[in-house]
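Okay, everyone, thanks for coming. Let me put the model up, and then I'll walk through a few spots in it.

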Amino acid sequence: MTKKEIAAYIDHTLLAPQAGIKQIIMLCQEAKRYGFASVCVNPVYVQAAADELAGSAVKVCTVVGFPLGATTTKDKINEAKNAIANGADEIDMVINIGAAKDGRLTEVATDIKAVVKACSTAGNKLGKKIIVKTIIETCLLDDQTIVNCCLCAKKAGADFVKTSTGFASPKGIDGMPLPNGASEHHVKLMRNAVGPDMGVKASGGIRSVRMAITMLEAGANRIGTSSGVSILDNWDEEKKINLKY
């Protein structure tokens, strides 16, 4: 698999709160140079990213309800519409995690569906398709709840389910930190839940070639990472990957 082919799976990501405009511009320049699928930036930088990427094939992705998913549906809709007006092509929204944990799946689905509808309407006015990815935050949920949330996202018309924000802080009963990013187990679980026709984005802690391959072979067809340049620079063009999606 060539570097160009693997680059097309990667959302080149910079969501750190301390990121400044110079870093965002550099992110966009790297994305153009390497041919990444998109840059994923915080909403405040959507306009700058869109300006920098104008005329290129790289999409602008941003986050909504990030990182907690605890804003109201109305707030998420307004945030998404504003981002699209500023040039966003893809919206990664955090689901209502608390509702998911409570088993209030109707609320989870309604929240997603409303954002999907708003993105579709806003995109249609601009003559483009807006991709919506739903962030499940798998490290905070049990397997059955993850499956239920994936099915909610699929029914609501989202384009992708996504593993993680990378900002959650789960802890064990001993108070020690637990992993908060993508895992092979969760990607396989999500892929099996949504089937072959929906996207699965693995994100959080993907920093190496080996980890990227693991996620792709588990069923991801998009990878969110801040280590895209390092992954591409260390990519073996002769590497064989068992891609299913």
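So, β2, helix α3 (residues 46-53) and β3 form a β-α-β unit, and that unit is right-handed. By right-handed I mean that, with the strands pointing away from the viewer, the path from the first strand over the helix to the second runs clockwise. Helices here are DSSP runs of H or I with at least four residues, strands are E runs of at least two, and both are numbered from the N terminus.

Before I go on, this is a predicted model: local features need pLDDT of at least 70, side-chain atom pairs count only at pLDDT 80 or more, and totals for chains, interfaces and linings use all residues. Residues are numbered from 1 along each chain as its sequence is written, and side-chain values use heavy atoms, with hydrogens and water left out.

Back to the strands. β2 pairs with strand β3 (residues 59-64) in the parallel sense over four bridges; to pair, two strands need at least two DSSP bridges between them. In β3, Thr62 is the bridge partner of Val41. Strand β1 (residues 10-14) also pairs with β2, again parallel and over four bridges, and Val41 is the bridge partner in β2 of Leu14. From β1 the chain crosses through helix α2 (residues 21-34) to β2, in another right-handed β-α-β crossover.

Which way do the β2 side chains point? Ser38 and Cys40 go one way, Val39 and Val41 the other, and all are buried, meaning under 20% relative accessible area with a 1.4 Å probe, protein chains only. In a regular strand, side chains alternate between the two faces of the sheet.

Next, helix α6 (residues 105-126), where you'll find Ala118. Why does Ala118 count as buried? Because its relative accessibility is 13%. Leaving aside neighbours within four places in sequence, Ala118 is in contact with Ile77 and Lys81, contact being heavy atoms within 4.5 Å. Ala118 and Lys81 sit 37 residues apart in sequence, yet their C-alphas are 6.9 Å apart.

Most residues other than glycine have a negative phi, and most peptide bonds are trans. Phe66 and Pro67, though, are joined by a cis peptide bond, with omega about 0°, and Pro67 lies in the loop between β3 and α4 (73-85). Glu137 isn't a glycine, but its phi is positive, near 60°. You'll see Glu137 in the loop between β5 (131-135) and α7 (143-156), and Glu137 is buried, at 1% relative accessible area.

How values were computed
Buried means under 20% relative accessible area, exposed over 50%, partly exposed in between (1.4 Å probe, protein chains only).
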